[in-house]
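Okay, thanks for making time, everyone.

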Amino acid sequence: MEQFAQWLQATPLSIAIQSSSWMVPLLQSIHIVLIGVVFVSVLLLVLRVLGVARTEQLPSVVWAQFAPWLRRGVTLLALTGLVLIISEPVREFTAVSFWLKMLLLALGLSAIAVLGKALRRDAPASRGLAVLTLLLWIAVIFFGRAIAYDVEVWGALSFKA
Amino acid sequence: MTLQDLAQTVGNSGLGAWMRSNVLAMPVVEAAHVLAAVTVLGTVLVVDLRLLGLTDRLRRVTVVSSEMLRYTWVAFGLAVITGVMMFAANANTYYGNTAFRIKLLLLAGAGINMAIFNLGSLRRVVQWDLQQPAPRAARVAAALSVLLWLTIIFAGRWIGFTKGYDFAVPDNVDLDLTIP
């Protein structure tokens, strides 16, 4: 993994992005805006399951409205994320928070998918799962930012320490 | 007392000292700030897209906004608190940072835009709650809001790339400081 990261970091594409003063900030900014779209989409779906928002709409209607934003958002997040990884592979792959974020992301996506199955059919969805889904996505955001602070957050457990 | 004096006072406060001394403070506070900021952005977008007639066309503006804005304000409050905490950690650096100053100006702009809208077309919202399109002033306010908040996020991220020495990083650890 380390070797692959070093190799990737030495490719012309990676070097081009690294040496630019604005590409990484721009990519990260776009990444953050997309997180806003995805997180609030998740929030609204969770709030519908909890019966707190958009209660006059059928669950399937709320799903139909926000699922597309979720899908597009996650796709673009994966794209910008991929470019960010390509630009600094060593930084990402040697961060404990990065791997934890990926795990939580997989769990978060699965959770939303499960909620979606119920919402689409106007069937009752688990309130516990809804709360867990929100917490998972909050954790994804936390560990995403924690990548930059891997030693501070993980101390001796950090690969970088 | 000048603004710079005020900044220095905040930096020299107990809060500032605590932020600098606690190694987990900056990561946790900054992550909370990002969470708050993206929630502000997302909830504001829901309302702005409704005002622009792009989403929720069958729902009343008053319903869409009252439903969302409670979250916007809680998130904004958290963003301000975490923002002040981060500022206290490194007050002089942020004070002199151009991206930080631009961000504060943009925030003021967003506030002014919101005030004008609230005192203007929103007062008569009962008349256009379900109307398509919404009054031009409302749509202009919504478009400005989207523009301002996106730029605020960008300016915020740019602070991290232009603030210079990262005090939070221990001297004896070999870290890649290219991307904060």
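Helices here are DSSP runs of H or I with at least four residues, strands are runs of E with at least two, and both are numbered from the N terminus.

Housekeeping next. This is a predicted model, where local features need pLDDT of at least 70, side-chain atom pairs count only at pLDDT 80 or more, and totals for chains, interfaces and linings use all residues. Residues are numbered from 1 along each chain as its sequence is written, and chains are lettered from A and ligands numbered from 1 in the order in which they are written.

So, α4 of chain A, residues 59-87. That's 29 residues, and from first C-alpha to last the helix reaches 41 Å, close to the 42 Å expected. There is a kink in α4(A), though: about 30° at Phe66(A), shortly before the proline Pro68(A). The bend at a residue is the angle between axes fitted to the seven residues ending there and the seven starting there.

Which residues of α4(A) are buried? Among them are Trp63(A), Phe66(A), Trp69(A), Leu70(A), Gly73(A) and Leu77(A). Buried means 20 or more other C-beta atoms within 10 Å of a residue's own, exposed means 12 or fewer, and partly exposed is in between, with C-beta atoms placed from the backbone. The buried residues of α4(A) pack against α2 (12-19), α3 (23-49) and α6 of chain A.

Now over to a loop. Asp122(A) sits between α6 (96-120) and α7 (127-146) of chain A. Is Asp122(A) buried or exposed? Exposed, because there are 12 other C-beta atoms within 10 Å. Leaving aside neighbours within four places in sequence, Asp122(A) is in contact with Leu58(A), Pro59(A) and Ser60(A); contact means C-beta atoms, placed from the backbone, within 7 Å.

Last up, chain B. Chain B has 8 helices and 0 strands, and its C-alpha trace spans about 65 × 35 × 25 Å along the principal axes. Of its 180 residues, 33% count as buried.

And the interface? 28 residues of chain B are in contact with 28 of chain A. On the chain B side, α3 (25-51) and α8 (136-162) each supply at least two residues, with the largest share, 12 residues, coming from α3(B).

Note on methods: Contact = placed C-beta atoms within 7 Å. Expected span 1.5 Å × (residues − 1).
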